Amino acid sequence: MKPILFHDIDGVLFGEYDGQFQLRPGVSSWLRWAVQTFDLVWLTSWDREKLHTLLRGLYLDDVIQQSTYGDWMNYQHKEAWLERAHKRLNGRAWYWVDDIHTDISTLPAESCVLVNPKGRDELERLKTFLSGRLSASGTDMAQESIHHAHSSRF
């Protein structure tokens, strides 16, 4: 079973350049790698329809089909939702990529990956970092079973 990647949008897919959020270089490649490597769960304040509009505009309909949406808006913050989700994962590997972590004291720090909202090559750095984590944990992606995030809702 693939590890889970909880994924934010602003500050991750969009970086800050010249004082404005703009789509980062390599977004399509990053997302295609992410859905091949992880069960992708969107953990963002973007609503589902706006997210789907963005992905369709990038010709990433396959990413829509291979990802799911984490509905955390009834929680005080993402960390509270993740704490609850973490308890239900029964030891399954997961990572959370976001540009802001409010309070990760109740979460495994090694799973919480802080992304620099201003780094131009941040998605490449993130891919290298996560690939290293997967290698270090002994996760062999070549032998992972195909498992779509739609089969496990959060």
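Hi everyone. Let's start with a pair of charges: Asp-98 and Lys-78 join their side chains in a salt bridge, with N and O 2.7 Å apart. Please keep in mind that this is a predicted model. The two partners come from distant parts of the chain, 20 residues apart, with Asp-98 in strand S6 and Lys-78 in helix H4. Are these two residues buried or exposed? Both Asp-98 and Lys-78 are buried.

Now, Lys-78 has another partner. Asp-8 also makes a salt bridge with Lys-78, and here the closest N and O atoms lie 3.0 Å apart. Asp-8 sits in the loop between strands S1 and S2, 70 residues from Lys-78, and Asp-8 is buried too.

How many salt bridges does the count come to? Eight. One more for you to find is Arg-56 with Glu-49, at 3.4 Å from N to O. Arg-56 has 38% relative accessibility, so this residue counts as partly exposed. Glu-49 is partly exposed as well, at 48%.

Let's move on to two helices. H1, residues 27-37, packs with H5, residues 122-136, at an angle of about 20°, and their axes are 10 Å apart. Because of that angle, we call H1 roughly parallel to H5. The crossing of the two is left-handed.

Who meets whom there? From H1 we have Val-27, Trp-30, Trp-33 and Thr-37, and from H5 come Leu-123, Leu-126, Lys-127, Leu-130, Ser-131 and Leu-134. Sorted by type, the residues of this contact are seven nonpolar, two polar and one charged.

Key: Residues numbered from 1 in each chain as written. Predicted model: local features only at pLDDT ≥ 70, side-chain atom pairs only at ≥ 80, totals over all residues. Heavy atoms only, no water. Axes fitted to C-alpha atoms, helices over the stretch in contact; angles between N-to-C directions. Helix = DSSP H or I, 4+ residues; strand = E, 2+ residues; numbered from the N terminus. Parallel < 35°, antiparallel > 145°, perpendicular 65-115°, else oblique. Left-handed = near helix turned anticlockwise from the far one by under 90°. Contact = heavy atoms within 4.5 Å. Nonpolar A, V, L, I, M, F, W, Y, C, P; charged D, E, K, R; others polar. Salt bridge = Lys/Arg side-chain N within 4 Å of Asp/Glu carboxyl O. Buried < 20%, exposed > 50% of the residue type's maximum accessible area, 1.4 Å probe, protein only.
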